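Have the viewer ready, and keep an eye on the ligand as we go.

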Amino acid sequence: MGKFILVIGPSGSGKGTLIHHARPLFPELVYPKSCTTRAKRAGEKDGEHYYFLELEDFKARVARGEFLEWAEYGGNFYGTLSAEVIPALSEGKLALKELEVQGVRQIREKLPKEQLAVVFINAGSWEEMEARIRARAPMPEDELLKRKLRYEDEMSYMKEADFVIENHLGGVETAKKEFERIIRSLVS
Ligand code: 5GP
């Protein structure tokens with residue numbers, strides 16, 4: 001049986017950077033695509049990064065139980081089809097995906113523990129994140145509070161992760177190496 005590597009951590013922790021680094025190094029892994037109901041952005045093509053679905057189609061697939069996990073985020077729906085993951089795992093392959101915690105919770109209920117490896121990316125305390133956000137652009141206090149609550153929700157998952165990668169300011173090269181090491185340990 002294969003394994004599903006879930007990469008989690010607060011927004012801005014560097015999940016995307018680490019996955020972008022790992023993809024060319026591990027072409028044998030499966031990288032499941034998500035479905036979304038949000039509008040395509042400039043340059044996005046259907047079936048490349050996302051499968052873009054009409055809301056009705058998305059809801060029908062939810063009703064038919066086609067999703068391994070799905071969530072509403074920012075007024076749009078996102079989800080991972082079971083068909084993108086389960087056949088690969090049955091063939092003994094490793095799959096890797098970035099997810100937010102609502103999705104991880106659903107997957108934990110559906111897949112056995114032995115088939116999951118949760119990698120948490122920790123980019124530091126809220127004070128560090130807040131300083132970074134404030135330095136980037138001014139933000140209303142209520143938006144900052146929302147971010148803080150989401151940050152705390154994501155952080156509450158750190159203790160349940162199988163691996164934690166520290167990715168503090170200036171430490172991205174070390175974090176990349178650590179991510180590579182973890183994937184290698186799961187491949188062999
Ligand atoms: P964006 O619209 O910027 O491409 O994505 C917004 C957010 O949607 C991402 O940060 C991610 O948290 C969430 N997202 C993307 N794909 C999935 C998915 O397949 N499942 C879940 N649960 N969330 C997703």
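How far does a polar side-chain atom of Arg38 lie from an oxygen atom of the ligand? In this predicted model, the distance is 2.6 Å. Arg38 also belongs to the group of residues that come nearest to the ligand, together with Ser34, Tyr50, Tyr78 and Glu100, out of 13 residues around it.

Lys97 places an N or O atom of its side chain 3.0 Å from an oxygen atom of the ligand, while for Thr80 a polar side-chain atom lies 3.3 Å from a ligand oxygen. On its own, the ligand would expose 510 Å², and the protein buries 81% of that area.

Now zoom out to the shell as a whole. By residue class, the shell holds 5 nonpolar, 3 polar and 5 charged residues. Strand 4 (67-73) and strand 5 (76-81) each contribute at least two residues to the shell.

Finally, where does the ligand sit relative to the domains? Domain 1 (3-31 + 93-187) and domain 2 (33-84) both give residues to the shell, so the ligand lies between them.

Notes
Residues are numbered from 1 along each chain as its sequence is written. This is a predicted model: local features need pLDDT of at least 70, side-chain atom pairs count only at pLDDT 80 or more; totals for chains, interfaces and linings use all residues. Side-chain values use heavy atoms; hydrogens and water are left out. A residue is near a molecule or strand if one of its heavy atoms lies within 4 Å of it. A polar contact is a pair of N or O atoms within 3.5 Å; within protein, one must be able to donate a hydrogen and the other to accept it, and residues adjacent in sequence count only if both atoms are side-chain atoms. Accessible areas come from the Shrake-Rupley method with a 1.4 Å probe; for residues, only the protein chains shown count as cover. Helices (H or I, at least four residues) and strands (E, at least two) are DSSP runs, numbered from the N terminus. Ala, Val, Leu, Ile, Met, Phe, Trp, Tyr, Cys and Pro count as nonpolar, Asp, Glu, Lys and Arg as charged, and the others, Gly among them, as polar. Domain bounds come from an automatic or database domain assignment.
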